[in-house]
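Here is a short report for a reader new to this structure. Please look at the sequence and the model first.

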Amino acid sequence: MIEIKTLDDTSFDQIHEAFANAFSDYLEPFDLTLEELKYMVERRGCDLTLSFGAFSENELVGLTLNGVGQWNGRLTAYDSGTGIIKEFRNEFGNTQLETLEQYSDAFIDFLKSKDKFIPISQQEQYFETTVN
């Protein structure tokens, strides 16, 4: 069962491990050290009380790092980094979500599925046929 909760009580080591695992199999891996991730989170103004994690048996398997700032004169929430470890991904397809509530519901459903997102072989095939 997946439990969603804020990241303010989660160790940064656990956040870093989940972040690293979430991006480890990308075509171009996004590999940050613990210190680099801390710097990124600080520089982007992430607020762990407004950031959420998906936990499976106390393991952080997905996260969204959020912040709040001014944009066009309005206080605005923004996503500063979202990742789901490979074993917990599922493809959304071309779904367009209109509201934050729809996104939240879809994100939770997404995390509950253990299907693979897009295998590396399929990513490479897409790259080869699209770019070349």
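How much accessible surface does the protein chain have, and what percentage of it belongs to carbon and sulfur atoms? The accessible surface comes to about 8900 Å², and 50% of that belongs to carbon and sulfur atoms. Accessible areas come from the Shrake-Rupley method with a 1.4 Å probe; for residues, only the protein chains shown count as cover.

## Basis of the report

This is a predicted model: local features need pLDDT of at least 70, side-chain atom pairs count only at pLDDT 80 or more, and totals for chains, interfaces and linings use all residues. Residues are numbered from 1 along each chain as its sequence is written, and side-chain values use heavy atoms, with hydrogens and water left out.

## Overall layout

The protein chain has four helices and four strands. Helices (H or I, at least four residues) and strands (E, at least two) are DSSP runs, numbered from the N terminus. Along the sequence, the pattern reads β-α-α-β-β-β-α-α.

The protein chain holds 132 residues, and 32% of them are buried. Buried means under 20% relative accessible area, exposed means over 50%, and partly exposed lies in between (1.4 Å probe, protein chains only). Contacts (heavy atoms within 4.5 Å) also reach along the sequence. Of those between residues at least 6 apart, 57% join residues at least 24 apart.

A pair of aromatic rings is described by the distance of the centres and the angle of the planes. The structure holds one aromatic pair. Phe 19 and Phe 23 form it, with 4.8 Å from centre to centre and 45° between the planes, a tilted arrangement. The rule covers rings of Phe, Tyr and Trp (its six-membered ring) with centres within 6.5 Å; planes under 30 degrees apart count as stacked, over 60 as edge-to-face and the rest as tilted. Both residues lie in helix 1 (residues 12-23). They are four residues apart, about one turn of the helix. Phe 19 and Phe 23 are both buried.

His 16 is also placed in helix 1. Its relative accessibility is 18%, so His 16 counts as buried. Beyond its neighbours within four places in sequence, His 16 touches Leu 32, Thr 33, Leu 34 and Leu 37.

## From the loop into helix 2

Asp 31 lies in the loop between helix 1 and helix 2. Its relative accessibility is 65%, so Asp 31 counts as exposed. Asp 31 and Phe 19 are twelve residues apart in sequence. In space, their C-alpha atoms are 8.8 Å apart.

How many salt bridges does a search of the whole structure find? The search finds one. A salt bridge is a side-chain nitrogen of Lys or Arg within 4 Å of a carboxyl oxygen of Asp or Glu. Here Lys 38 pairs with Glu 35, and the closest N and O atoms are 3.9 Å apart. The two residues are three apart in helix 2 (residues 34-43), so about one helical turn separates them. Lys 38 is partly exposed at 35% relative accessible area. Glu 35 is exposed at 53%.

Ser 56 sits in strand 2 (residues 52-56). Is Ser 56 buried or exposed? Ser 56 counts as buried because its relative accessibility is 11%. Leaving aside neighbours within four places in sequence, Ser 56 contacts Met 1, Ile 2, Val 61 and Phe 88.

Glu 57 belongs to the loop between strand 2 and strand 3 (59-71). Its phi is near 50°, a positive value in a residue other than glycine. Glu 57 is exposed, with 75% relative accessible area. Asn 58 is in the loop between strand 2 and strand 3. Asn 58 is not a glycine either, yet its phi is positive, about 70°. With 62% relative accessibility, Asn 58 counts as exposed.

## A charge over a ring, and a nonpolar patch

The charged end of Lys 5 sits over the ring of Phe 55, 4.6 Å from the ring centre. This label requires NZ of Lys or CZ of Arg within 6 Å of the ring centre and within 35 degrees of the ring normal.

Leu 50, Val 68 and Leu 75 form a nonpolar patch on the surface. Together they have about 260 Å² of accessible area. Patches are made of residues with over 30% relative accessible area and no salt bridge: like charges are joined within 9 Å, nonpolar side chains (Val, Leu, Ile, Met, Phe, Trp, Tyr) within 5 Å. Leu 75 is in strand 4 (residues 74-84). Leu 75 counts as exposed, at 64% relative accessibility.
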